[in-house]
Amino acid sequence: MPPGAPVQAVSFLALGDSYTIGQSVPAEDRWGVQLADLAQAEGIQSPDIIARTGWTTGELQQGIAAANNSKTYELVSLMIGVNNQFRGLPPDTYRVEFRQLLQTAIRFAGGRPRRVFVLSIPDWGQSPYARNRDQARISQEIDQYNAVAREECTKATVEFVDITDLTRATNYDAAQFAPDGLHYSGLHMRQWATRALPVVRALVQ
């Protein structure tokens, strides 16, 4: 782009659950909003969001249908699965529904899989909320779900951004978490946005 040329607006849709809406933190601290802030030079707009705390893959599908959103976006994100794991739903069901959600995200992106990216599932077992739970089991199951998501992204030629390691490096630091001790603070979600930034820049070039 030549110097001084106007930046074209890049519309952005974020699909997910509590991590996408930034449960227990201000709207400006949501990772997608912070990503748009970091990517102002690329023209990325603050996202439209279809997400709700507690949603599984199946409930996100229902929520998308209920939203009746027929827009096409230049960029679409998907971050879903923690509630499947939390409720003990089988990974095989997750695979089927995640695959369907990927295709839905691609449709929102005008049929362009290279305008879609997925963030991995955080390891909530490493949160203050989970101190008295079976953290090793939670981590193992999160890894299983993330392996499914990565495989399906590879098949669909969708970028997969792994942020799970960041959530395992919080060391129970209160500044990394929202007041509920389960969700993440804006300070922590800034790391997710920063990790996604180079991927997103490449996608919208």
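This is a predicted model: local features need pLDDT of at least 70, side-chain atom pairs count only at pLDDT 80 or more; totals for chains, interfaces and linings use all residues.
Figure 1. Strands of a sheet pair through backbone hydrogen bonds, either parallel or antiparallel.

**Figure 2. Strand 1 beside strand 3.** Strand 1 covers residues 12-16 and strand 3 covers residues 75-79. The two run parallel and are joined by five bridges. Gly16 stands opposite Met79 in strand 3.

**Figure 3. The salt bridge between Arg87 and Glu59.** The search of the whole structure finds 16 salt bridges. In one of them, the side chains of Arg87 and Glu59 meet at 3.0 Å, N to O. Arg87 lies in the loop between helix 4 (82-86) and helix 5 (91-108), while Glu59 lies in helix 3 (residues 57-67). The pair therefore ties together parts that are 28 residues apart in sequence. Arg87 is partly exposed, with a relative accessible area of 45%. Glu59 is partly exposed too, at 23% relative accessible area. Side chains of opposite charge can pair when their charged atoms come close.

**Figure 4. The salt bridge between Asp123 and Arg168.** These side chains meet at 2.7 Å, N to O. Both residues sit in loops. Asp123 lies between strand 4 (116-119) and helix 6 (135-156). Arg168 lies between helix 7 (164-167) and helix 8 (186-203), so the pair ties together parts that are 45 residues apart in sequence. Arg168 is partly exposed, at 32%.

**Figure 5. The salt bridge between Asp162 and Arg150.** The two side chains meet at 3.1 Å, N to O. Asp162 lies in the loop between strand 5 (159-161) and helix 7. Arg150 lies in helix 6, so the pair ties together parts that are twelve residues apart in sequence. Asp162 is partly exposed, with a relative accessible area of 29%. Arg150 also counts as partly exposed, at 40% relative accessibility.

**Figure 6. A network of salt bridges.** Which residues are linked here? The network holds Arg95, Arg99, Glu151, Glu152 and Lys155.

**Figure 7. Thr104 and its contact with Arg107.** Thr104 has its place in helix 5. Thr104 has a relative accessible area of 15%. The cut-off for buried is under 20%, so Thr104 counts as buried. The side chain of Thr104 makes a polar contact with the side chain of Arg107, at 3.1 Å.

Technical notes:
Residues are numbered from 1 along each chain as its sequence is written. Side-chain values use heavy atoms; hydrogens and water are left out. A salt bridge is a side-chain nitrogen of Lys or Arg within 4 Å of a carboxyl oxygen of Asp or Glu. Helices (H or I, at least four residues) and strands (E, at least two) are DSSP runs, numbered from the N terminus. Buried means under 20% relative accessible area, exposed over 50%, partly exposed in between (1.4 Å probe, protein chains only). A polar contact is a pair of N or O atoms within 3.5 Å; within protein, one must be able to donate a hydrogen and the other to accept it, and residues adjacent in sequence count only if both atoms are side-chain atoms. Two strands pair if DSSP finds at least two bridges between them.
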